[in-house]
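Work through the exercises below with the model open beside you. Try each task before reading its solution.

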Amino acid sequence: MLRYAVVRGGLGLLAVRRTYLISRFAHSAPQSEYRPIKKVMVANRGEIAIRVFRACTELGIRTVAVYSEQDTGQMHRQKADEAYLIGKGLPPVAAYLHIPDIIKVAKDNNVDAIHPGYGFLSERSDFAQACADAGVMFIGPSPETVRKMGDKVEARSLAVSAGVPVVPGTDSPISSLQEAQVFSQTYGFPIIFKAAFGGGGRGMRVVREYEELEENYQRAYSEALTAFGNGALFVEKFIEKPRHIEVQILGDKYGNVIHLYERDCSIQRRHQKVVEIAPAFQLDPHLRNRLHADAVNLARQVGYENAGTVEFLVDKHGKHYFIEVNSRLQVEHTVTEEITDVDLVHAQLHVCEGRSLPELNLKQDKIRVNGCAIQCRVTTEDPARGFQPDTGRIEVFRSGEGMGIRLDSASAFQGAIISPHYDSLLVKVIASGKDLQTASSKMSRALAEFRVRGVKTNIPFLQNVLSNHQFLHSTVDTQFIDENQELFNLKPTQNRAQKLLHYLGHVMVNGPTTPIPVKAKPSSIDPVIPPVTMGDPPVGFRDILLHDGPEGFAKAVRAHQGLLLMDTTFRDAHQSLLATRVRTHDLKKISPFVSHNFSNLFSLENWGGATFDVAMRFLSECPWKRLQELRALIPNVPFQMLLRGANAVGYTNYPDNAVFKFCEVAKENGMDIFRVFDSLNYVPNMLLGMEAAGAAGGVVEAAISYTGDVSDPMRQKYSLDYYLKLADELVKAGTHILCIKDMAGLLKPEASKLLVGALRDRFPNVPIHVHTHDTAGAGVAAMLACAEAGADVVDVAVDSMAGMTSQPSMGAIVACAKGTKLDTGIALEKVFDYSEYWEVARGLYAPFDCTATMKSGNADVYENEIPGGQYTNLHFQAHSMGLGNKFKEVKKAYAEANKLLGDLIKVTPSSKIVGDLAQFMVQNNLTRAEVEERADELSFPLSVVEFLQGYIGIPHGGFPEPFRSKVELERGKTLHIKALALGDLNKAGQREVFFELNGQLRSVLVKDTVAMKEMKFHPKAQKSIKGQVGAPMPGKVLEVKVEVGSKVEKGQPLCVLSAMKMETVVNSPVAGTVKAVHVTTESSLEGDDLILEIEE
């Protein structure tokens, strides 16, 4: 624990003590009686108002807030016991400067005392006097002391009288530019203008050369007038690269004055403090003592009471100069409280009541320094743009907390509106530790925990300051920020969740942004339903199923003479060709015809897979109702669905009981055959689906997903032996039917004979069903080869819905098998009628038809192995992104991605994983070799990472190594997002979109592009047009310096903006003639709003 003795030059400790005793004796008789405070008003806003309210509450004092019309939603209004509007009709800042309103509220509501906070009226002697005249105590120095200290020229004179060194400057406020010119001629540049009646960097401007003098004088005067109600300035010589050290003082009504040590406030930008430290680091002990003694002596000389700060500059030679006295509580008072354990606001209140410092046990020898404290001012400013203030709505706020961290804030919460009218301070973060390094470590950790979205903050900049070697191990001066440009090498924030919410919100409000490359419109011709005979439909295979059960049904299928067909027109065909968009309405119209003319079909595939979620998401239909209605219209043909094992009809693993219940309800509503598969042929995942389907009373059709080429001896990963062993496991598990699911249409005729022939030899009594796609155009030949080798059932689609990425043609199979042992028994004429209906119906879905971008299939599917439905989707996406001419590269990347992942079986969801990796490679222009080499540093798509984590099962042959080991399998980054509601249109043309993100309510504001077309907004400057001058930040126009027709030079001032009480001059980017002016004085602007146009 440190203790600092007070020594002033040649004046010994005894002399100081003697002076103190004489002063104390002279004031031993109380000059005012004790007046307890029962109700306090804070004539301020934001975090300082809340800081005072909290202290009052701790002391049992009732609190009163005042607020402007613009601050109705501010937190300080809600934290007080009472709150009252002031300055009605006045500008935002003027409301808090309106003394009559404040005094009236105080008197009307029996306020005992007013705390001024900092800024606004805190250093106005007329306000302190108005309080005294109204019989209300002013929590601060006497009006006379406020006048003396607030007038920096008089304070300077008092300092000289007290023997405190001062910087050369004017003895009184200057009243004209000419006086400033005379001073600069006498002392030379640089000089500095300072507001005579306020601080905080307002009205403070450094001038380094004569040409800048007039503009900076006007800006300083205007800022001081706006911030403090008085534009008086004084001017002094500017000390280069000083340290800014201030001493906290505290006095009472009886002449007692103590110091609470010093603070180092050297880290500044635009003369506003950014980081404050107490005590000052590596400060010479003798200098420290002189600073303390000078501060206390000056305070005693003026009879200072209450809290205040004496500020000094210390030059590089160790000489100190008095700057000013802030006769109020400082923003950075918090660090003093942390190192001395003295509550300064408590002390202010007690002193105001009439209690002495000794009564409060506040004696100089009792004050100790314990460790170190740092305060960081987190502001809504963008360091990357010269600390320009940012305004808007805080969409996300999460603070850093924990041991050694204190937060003082007011507007730091989700939904808070940051306006351009007030200071940009968002939250003060205070860290305490045993020394500077410890406190810095805690501060860095706390800042890293912050999440602020919706407005820019200076947090990345503060983090750079705290990690700077000079800051941590040496001393800093007021030029620290300017001389360390590496502080502006800001680490970008990820902001993943909020970016995603903005995208989703935009889609919800304005629809998808992906351009649809299809210009076709739906046909206006309705399809003609072919005639249907009267009466009940003929008996079909479903009647056998209902009578004999699944086992009997399987025997009947195996015993059937001829080839059986499954029609995919009701599902997979339109999923592959029409993006699954066919409505129940069009399926129902043709259903009676199918029932009466195709009763000898093995089954009709009409449900499950993508049709389930597309019906709900895009068609606004109930998939269960579709199943029920089709079942009523087609009672005689078995229905078949696609069941993704443990995923059911979803894309993630579901609990076992959910899968069992799903199958049970599906069977009750008309489903008969459950084709169960797993994208990796991972048997444990398939067994759950098989058991669930069997328990529901359905026909279990276990599907082997096919890839590779069993007829190619060079491709042995998925060999004939592999498929036979897999089939052994599925037959032993009790499947009724064995299916080969050839998703990409890779089965060639020779491979068909080998695979089906081997399966038939191994399982003579098990029906074999083969599913394929016709992408390469060889589907009919392959299915006939399968039938010749012993397959009982093959998949087809009606002719007008067949071919390309769909299934082989029903008409072609029927015609080729007619009159042979494979005869299907289906009348070809009825197939023609069926096809004609779908040919016209397909026109109704022209905007979704794959033929808009894809004119044929392609035999290169044997190389890239892209599944049929995915092939269509990738082709469409490539055209949507303007990459239609690069689809060949996309397909090549798909093949390379498949090899990277170890040659997977590709069907949803494994096909999506390969597709995601392929698109990642194309977007980042990466080759397979580059991905393998840089796997440890690339940020892969989540689906790829989760696959390598084993989320969807274990692939045949294991995971690819060393690729898998190199990929960082980052866990715990899943975002759970649920869209909740869409808000009404606001005046800015925005809608608030509400989400639930990881269990917490989030919302984003999204511009409604359609509604905004009918609303009028200020035009934006186009950055690509050099002569268009936009607002560099949100703010109000104070002055327009040019008019239409004015000749301007590059760099010439055009107008003056004010935001958060700081003024910015907008200069001309080019030389030319002003063509148009789009603003007037008092115009309120958003960032990039068009100010004027210049013609070169």
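The exercises that follow concern a predicted model.

**Exercise 1. A bridge between strands**

Task: Classify Glu82 and Arg62 by accessibility, and locate the salt bridge that they form.

Solution: 
- The closest N and O atoms of Glu82 and Arg62 lie 2.8 Å apart.
- Glu82 belongs to strand β3 (residues 82–85) and Arg62 to strand β2 (residues 62–67), so this pair ties together parts 20 residues apart in sequence.
- Buried means under 20% relative accessible area. Glu82 has 13%, so Glu82 is buried.
- Arg62 has 38% relative accessibility and counts as partly exposed.

**Exercise 2. The largest nonpolar core**

Solution: 
- The largest nonpolar core has 136 residues. Val770 is among those with the most contacts inside it, as are Trp838 and Phe940.
- Helix α28 (residues 779–789) gives the most to this core, with seven residues.
- Beyond its neighbours within four places in sequence, Val770 contacts residues including Ile740, Leu747, Met783 and Val793.
- A second, separate core has 41 residues, among them Val40, Ala65, Ala373 and Ile430.

**Exercise 3. The annotated binding site**

Task: Where do Asp572 and His773 lie, and which residues does Asp572 contact?

Solution: 
- Begin with the record. An unreviewed UniProt entry annotates Asp572, Lys741, His771 and His773 as "binding site".
- Take Asp572. Asp572 is in helix α20 (residues 572–577). Its relative accessible area is 5%, and it is buried.
- List the contacts. Leaving out neighbours within four places in sequence, Asp572 contacts Glu605, His771, His773 and Gln807.
- Take His773. His773 lies in the loop between β29 (768–771) and α28. At 6% relative accessibility, His773 is buried.
- Finish with the histidine pair. The side chains of His773 and His771 are joined by a polar contact of 3.3 Å.

Methods:
Residues are numbered from 1 along each chain as its sequence is written. This is a predicted model: local features need pLDDT of at least 70, side-chain atom pairs count only at pLDDT 80 or more; totals for chains, interfaces and linings use all residues. Side-chain values use heavy atoms; hydrogens and water are left out. A salt bridge is a side-chain nitrogen of Lys or Arg within 4 Å of a carboxyl oxygen of Asp or Glu. Helices (H or I, at least four residues) and strands (E, at least two) are DSSP runs, numbered from the N terminus. Buried means under 20% relative accessible area, exposed over 50%, partly exposed in between (1.4 Å probe, protein chains only). A nonpolar core is a set of buried Ala, Val, Leu, Ile, Met, Phe, Trp, Tyr and Cys residues joined through side-chain atoms within 4.5 Å. Contact means heavy atoms within 4.5 Å. UniProt positions are given in the numbering used here, feature names are shortened, and annotations may be inferred rather than shown by experiment. A polar contact is a pair of N or O atoms within 3.5 Å; within protein, one must be able to donate a hydrogen and the other to accept it, and residues adjacent in sequence count only if both atoms are side-chain atoms.
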